[in-house]
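Hi everyone, thanks for coming along. Let's have the model up on the screen, and I'll talk you through a few spots in it.

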Amino acid sequence: MSVAQDQVVSFHYELKNESGDLLESSRNGEPMAYLHGAGNIIPGLEKAMLGKGAGERFSATVAPEEAYGHRNDALVQRLPIKYLRAPGKLKAGGVALIQTREGMRQVQVIKVGRFHADVDANHPLAGQALTFDVEIVDIRAASAEEIAHGHAHGPGGHHHEEE
Ligand code: ZN
């Protein structure tokens with residue numbers, strides 16, 4: 001069986017940036033599971049998965065436009081500190097939350113002044129080419145319920161609260 005539409009793929013991955021720094025790894029836990037063709041993972045990685053077999057290992061480098069997009073300078077803003085919520089002390093290099101029309105959004109804090117702070121609401125991985133080292137662990141047909149929900153269930157997939 002190889003990766004195709006409406007299959008649930010379990011895989012381990014290591015994510016590196018352009019400098020080769022390891023940003024994320026699934027190796028310390030269970031493999032991640034996703035429903036192929038449902039947009040559960042970034043587009044460039046989903047494309048690279050197509051047609052691969054169980055047990056296969058490969059490396060895929062994904063351009064920003066097929067990962068987290070390009071940086072948008074308009075998302076770098078100076079805001080009054082009273083609009084920011086930080087887990088600890090507000091400091092440059094840390095993160096904070098701001099209330100937006102779409103709900104709470106995490107931003108990176110660039111600079112903190114007396115009344116204002118400069119924050120960057122771009123995704124931390126925006127503008128970067130990302131390299132995924134992937135090992136496909138398992139491929140199976142999705143259930144009708146998974147296809148209806150648009151995501152994988154079970155280990156490594158989506159968990160619903162008990163009803
Ligand atoms: Zn579901």
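His151 is buried, with a relative accessibility of 16%; by buried I mean under 20% relative accessible area, with exposed being over 50% and partly exposed in between, for a 1.4 Å probe and protein chains only. His149, by contrast, is partly exposed at 37%.

Quick note before I go on: this is a predicted model, where local features need pLDDT of at least 70, side-chain atom pairs count only at pLDDT 80 or more, and totals for chains, interfaces and linings use all residues. Numbering runs from 1 along each chain as its sequence is written, and side-chain values use heavy atoms, with hydrogens and water left out.

So which protein atoms are the donors of the zinc ion? They are ND1 of His149 and the NE2 atoms of His151, His153 and His160, lying 1.9 to 2.1 Å from the zinc. A donor here is an N, O or S atom within 2.8 Å of the metal (3.2 Å for Na, K and Ca), and as water is not among the atoms, sites may look incomplete. Along the sequence, the spacing of these donor residues reads H-x1-H-x1-H-x6-H. The 4 donor atoms make angles of 102 to 119°, and the site is tetrahedral, a label that asks for four donors with all angles between 85 and 135 degrees. For reference, the ideal angle for four tetrahedral donors is 109.5 degrees.

On to the rings. How many aromatic pairs does a search of the whole structure find? The search gives 3, counting rings of Phe, Tyr and Trp (its six-membered ring) with centres within 6.5 Å; planes under 30 degrees apart are stacked, over 60 edge-to-face, and the rest tilted.

One of them is Phe11 with Tyr34: the centres are 5.7 Å apart and the planes at 90°, so this pair is edge-to-face. Phe11 sits in strand S1 (residues 7–16) and Tyr34 in strand S3 (residues 32–35), so the contact ties together parts 23 residues apart in sequence. Strands here are DSSP runs of E, at least two residues long, numbered from the N terminus. Phe11 is buried at 1%, and Tyr34 is buried with 1% as well.

Then take Tyr13 and Phe132, whose ring centres are 6.4 Å apart with planes at 50°, so they count as tilted. This pair links Tyr13 in strand S1 to Phe132 in strand S10 (residues 130–141), 119 residues away. Tyr13 is buried at 13%, and Phe132 at 5%. Ring pairs join Phe11, Tyr13, Tyr34 and Phe132 into a cluster.

Key
Four donors count as tetrahedral if all angles lie between 85 and 135 degrees; four count as square planar and six as octahedral if opposite donors are over 155 degrees apart and all others between 65 and 115; anything else is irregular. Helices (H or I, at least four residues) and strands (E, at least two) are DSSP runs, numbered from the N terminus.
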